[in-house]
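Try each task before you read its solution.

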Amino acid sequence: METYTLIHILSGKGGIEVDFKNYYDWKDKVIYLEKGQYIKFQSENFVIRKIEFPSQEKFQNSEIRVLFKHLISLGYINLMECDDCQQYLSKTVFSDHTSTILDISSKQWFWQNPFHASKDEYQIIFDIKDVIDKEFSNHLSNQELVSFINSKGYNAQTLIRNKIGLSIKDLMGNKRLTESQREIAFTDKSIQEISFDLGYKDPAYFNRVFKNNVGQTPKDFRKNFDYENRDAFTQNIIELLKTHHEHERSLGFYADKMHVSVKTLSKKVKHKMNTSLGQLIRMELIHTAKTMLLEGEPVNVISQRLNFEEPNHFSRFFKHYVGVSPSDFKNKKYNL
């Protein structure tokens, strides 16, 4: 994409791909993509709304950058937890005042507090991310990276490790890998030229590093990458889950249907959809349960349909994964 972009997923089930990573279950969320990122929907049933932000001045704001500079996952807000966001998006189809949603969203992001950090700590974390985004091709050491940062009394390396779960070196490596994939997939530069642009003095070494991280050589990755077409495997597993999740929770059942071993299926699901098969089955069960609750079906009927031994087993399952009991969900009229 050539602009900073908000993607509001109104409805739809399936995977999405952003910068060569796959994600699942993004209904009723708003995703923020930085300029240069791409998004690919792995299913035909997504309904989305897109808002593009033409001015880049807003994105110099240290409060706003948290939405667009992704650390280990996508920047997003959960609409179910943000009344102001819902009101804005429901009333605003086309607006010249799109900066309003950014202000609302950034406040919501800090309230969600995904890494359980203070605002001061977040500013240091994203200062480091800014440096990484600018200096990733220079192969700086941790010490050189941290020297760019005014740490304000914090140990930057320890802060990143404790809050993000990665080292500064990991973040740098992830950024360099993503940019190498982007260059290989979307340009016609030679692999040698890309390796030099990314600061590798030896193209053979770049090839080894790339294959170790991606599982393919740069040449094979370029040949196999297909931005235009949806992944058949992802489509097939989604259809199987949609058809059979009410009665089949065995990984072996789905492996048989896909004509692979359980180990192969689990590995492929993890690689292509960035989740586990068990998690996909649970998501389908929860979605069906929510739909039936909002349609007024009693718990015992839902429990029986979803093949739980007892209604209280279903209730415990639902509360564990949704955070509220089935009756509270129904009474509070939570959104799907």
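**Exercise 1. Work out how strand 2 and strand 3 pair, and over how many bridges.**

Solution. Start with the two stretches: strand 2 covers residues 15-18 and strand 3 covers residues 21-24. They pair in the antiparallel sense over four bridges; pairing takes at least two bridges found by DSSP. Strands here are DSSP runs (E, at least two residues), and helices are runs too (H or I, at least four), numbered from the N terminus. Now go to the partners: Gly15 has Tyr24 of strand 3 as its bridge partner, while Val18 stands opposite Lys21. Finally, look at the hairpin, which has two residues between the strands and where Asp19 takes a positive phi near 50 degrees.

A quick word on the source: this is a predicted model, where local features need pLDDT of at least 70 and side-chain atom pairs count only at pLDDT 80 or more, while totals for chains, interfaces and linings use all residues. Residues are numbered from 1 along each chain as its sequence is written, and side-chain values use heavy atoms, with hydrogens and water left out.

**Exercise 2. Find the strand order of the open sheet of three strands.**

Solution. The order reads 3-2-5, with antiparallel pairing. Strand 3 and strand 5 are the edges, as each pairs on one side only. Ignoring direction, neighbouring strands in this sheet are turned by 25 degrees against each other on average.

**Exercise 3. Describe how helix 11 and helix 12 pack.**

Solution. Helix 11 (residues 232-244) and helix 12 (residues 251-258) pack at about 130 degrees, their axes 11 Å apart. That makes helix 11 oblique to helix 12 (oblique is what remains after under 35 degrees, roughly parallel, over 145, roughly antiparallel, and 65 to 115, roughly perpendicular). On the helix 12 side, the contact is made by Phe253, Tyr254, Lys257 and Met258.

Definitions and conventions:
Axes are lines fitted to C-alpha atoms, for helices over the stretch in contact, and angles run from 0 to 180 degrees between N-to-C directions. Contact means heavy atoms within 4.5 Å.
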